[in-house]
Amino acid sequence: MRYQEFDEQIDGLLAAMTLREKIGQLNQIPEPKTPEQAEAYKERIRRGEIGSIILASSATAGNEKRKKGAAQEDSQQKKGAAQEDSQQKKNAAQEDGWQSNINTALCNELQRAAMEESPRHIPLIFGRDVIHGHHTVYPIPLACAASFNEELVEKCYRNIAREAAAEGVHWAFAPMLDLSRDPRWGRVIEGPGEDPYVAKVMGRACIRGFQGEDLKDPDSLAACAKHYIGYGASEGGRDYHRTEIADYSLYNYYLPAFRAAVEAGAATVMSSFNDISGQPVTSGRKYLTDILRGQLGFEGFVVSDWAAVQMLMRFGVAGDRADCARLALHAGVDMDMVDGCYGENLEALVNSGQVPEEELDNAVRRILRIKFAKGLFDRPYCEPRRVDRAGHLADARALAAESMVLLKNEGVLPLKKDVTVALLGPFVHEKRSLLGSWTLDYQIEDTASLLEAMEEKLGREHILFSADETGLYDDSVHTAAKADVVLLALGESWEATGERRCLSDISLSPSQQALIHRMKALGKKVVGIFFCGRPLAMEGVAEQLDAILYAWHSGTKTAEAVCDILFGDVVPSGKTAMTFPRRTGHIPLYYNVTSSGNFVNGYYGEEIFPCYLDSVASPAYPFGYGLSYTTFAYGPVTAEKTRLSLQELEAGKRFRIAVTVENTGDYDGKEVVQLYIHDRTASRMRPLRELKAFQKPLIRRGEAARLRFELGYADLGFYTEQGEYLVEPGSFDIYVGGNCLADNRIRIEVL
Ligand code: BGC
């Protein structure tokens, strides 16, 4: 039991609380928009009717163009000693060159109403969508996953927590752990990609970073593993649409990251908007109670997604708002995000016996656990503090560089610093898109455009650019003709990604494709730098370019990191965490596929019958793929023992696998050494490859590293459709290499 230590205090509170106060704890409201609203909220807080505030004023706040927060401006005119005091601090901080969109002073005022004037003095918990950065913005999570650098990701999420906590945020609505096989879905930017193991590792890193050693630490944020569950599997990559997930797939693909998040101590979980095969998750007791609490052992609380409780009516499973509240609470949704269904209806439902009071008490208990664990009873207020961000910005640059993936390099990169480059394309001057979607608190002044960063690196005299950013007119052709190499800054806007930002065609825009063709015709070396939130379909594009650096939307330091890589100050080491299809029509295309049984599995080249009559279905770039400036040679995979019995594995014995990786090129470099398994014969079909481990050593040129991996009981099994974990005797192929197509293998036997 994780939160037992608070039981006595919680029992005491529950015994004293009225029904209405209990329901209040389950009620989350959006931030007030006007001073009048703030006053009205205070009244409700005093009556114990509000348990939490989300510091956002709309469902897609993270996706919207920045506006000045109305509540913030309005409340600056308000009086009140405490507010003035902290407003002064805020103003001082702003003069110092940074801005907060969070009105910490107002949060403190609302908190004071809860702590001093409400009957039970229970603190509010303030949540915010702190997704991949606060003032310092780090790469979008899909890019973080491509770094395959768990330690650096954890460090950066610690930085994020420090910055957000300094302004009064208690709780971040991240990490998003939704596995997705569909890059049309706009929210792939927010997740770990297509692989359950990467999702596990990256989710854990974020949670550890947010929550630190102790949730009580003033620098820590409570994490929220979201969206539980299956949201990334929406049909056609259409946001919010239905999903079909059989239990076998649920347990083996979609649940592992949440299981790991629970083990890592994630304080909260957000239920997802979608339905699974006709069962909305918000009212799915099987998912939220039986599996999440019963099987995964989650003891924190579940918050609904934005207004998702009332959506049960639109799903057609609830007749009215009272029904919505009854169903969601019974399913296991503890906190109702913003739609007020709980607040309006639970009292009558309990009084009429339709909702057992025990169900309500359990939800309150789970919320109070986290408020105690976060230390809010002892330290409810925030003294806004200035965080020194120099280290954070350096980490952002390092993580951005590690996230970028070199997809192609025909002897062009790295560039010498004395070359003359032509810099063209729609992203030459762009800043906002480099930050990515879902960032509310960025400081645009910290962000350089690619042109600015390159000037810093090379000096202006080496860079030719054109007033015509599209490159489609003569001016840019003339400019390019004078250069040694043409650099094209390409990609998609941040507004093409994120919530409700799905695409039916993920190819590069026609005008950018025309630009590539035009430049290629000059006979120059052409390098494409792609600023994107998703893998794009690369057919017709990749062939035209001599080198491709996939830079993603990598946050505040994107442009500097691109220059670090282009000019060889950093050797690229990112690997794809999501397959790059050749065409949109090939989606879904993912590496951990099972055999088709009929020789039509395009991914691994068994294409005896073509998948499509009109194209080759193999990926443009497979999962785990990425080039370096150096080269690595893999020695044979060895195993200390190739046979272990099931009993030995159960008793904790492990297969010890090793491989030597030699740096055979001219640069020191990091390599993501990946270990995959294939369970050759089992009672259920198993994927042709499953990533089970990776390491990212730095190997100096001319040197070799001996890497050791262990595979035990927990790595070799799978879940049945009932959620039972099974390791079955039989043979397993163990592949170790630089991407999922690696064929360097050894066979082991479980007896
Ligand atoms: C999103 C969540 C987000 C919430 C609060 C919803 O629309 O799906 O990911 O945390 O809004 O902003």
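Predicted model: local features only at pLDDT ≥ 70, side-chain atom pairs only at ≥ 80, totals over all residues.
Let's start with how the chain is divided. Domain 1 is made of three stretches, 4-64, 101-130 and 169-373.

Now to the ligand. Which residues are closest to it? They are Asp129, Arg187, Lys226, His227 and Asp305, out of 13 residues that surround the ligand. Looking at that shell by class, we find seven nonpolar residues, five charged ones and one polar one.

The side chains of His227 and Asp305 each place a polar atom 2.6 Å from an oxygen atom of the ligand. For Lys226, an N or O atom of the side chain is 2.8 Å from a ligand oxygen. And how much of the ligand does the protein cover? The answer is 100% of the 310 Å² of accessible area that the ligand has on its own.

Let's move on to where domain 1 meets domain 3. Their C-alpha centres are 37 Å apart, and 11 residues of domain 1 touch 14 residues of domain 3. Together the two domains bury about 1000 Å², with 56% of that on carbon and sulfur atoms. On the domain 1 side, three tyrosines stand out: Tyr197, Tyr248 and Tyr251 supply 53% of the area buried against domain 3, more than any other three residues.

What about polar pairs here? Four residue pairs are in polar contact between these domains, while the count of salt bridges across the interface is zero.

Key:
Residues numbered from 1 in each chain as written. Heavy atoms only, no water. Near = heavy atom within 4 Å. Polar contact = N/O pair within 3.5 Å; in protein donor to acceptor, adjacent residues only side chain to side chain. Areas by Shrake-Rupley, 256 points an atom, 1.4 Å probe, with all protein chains shown as cover. Nonpolar A, V, L, I, M, F, W, Y, C, P; charged D, E, K, R; others polar. Domains from an automatic or database assignment. Contact = heavy atoms within 4.5 Å. Buried area = accessible area lost by both parts, 1.4 Å probe. Salt bridge = Lys/Arg side-chain N within 4 Å of Asp/Glu carboxyl O.
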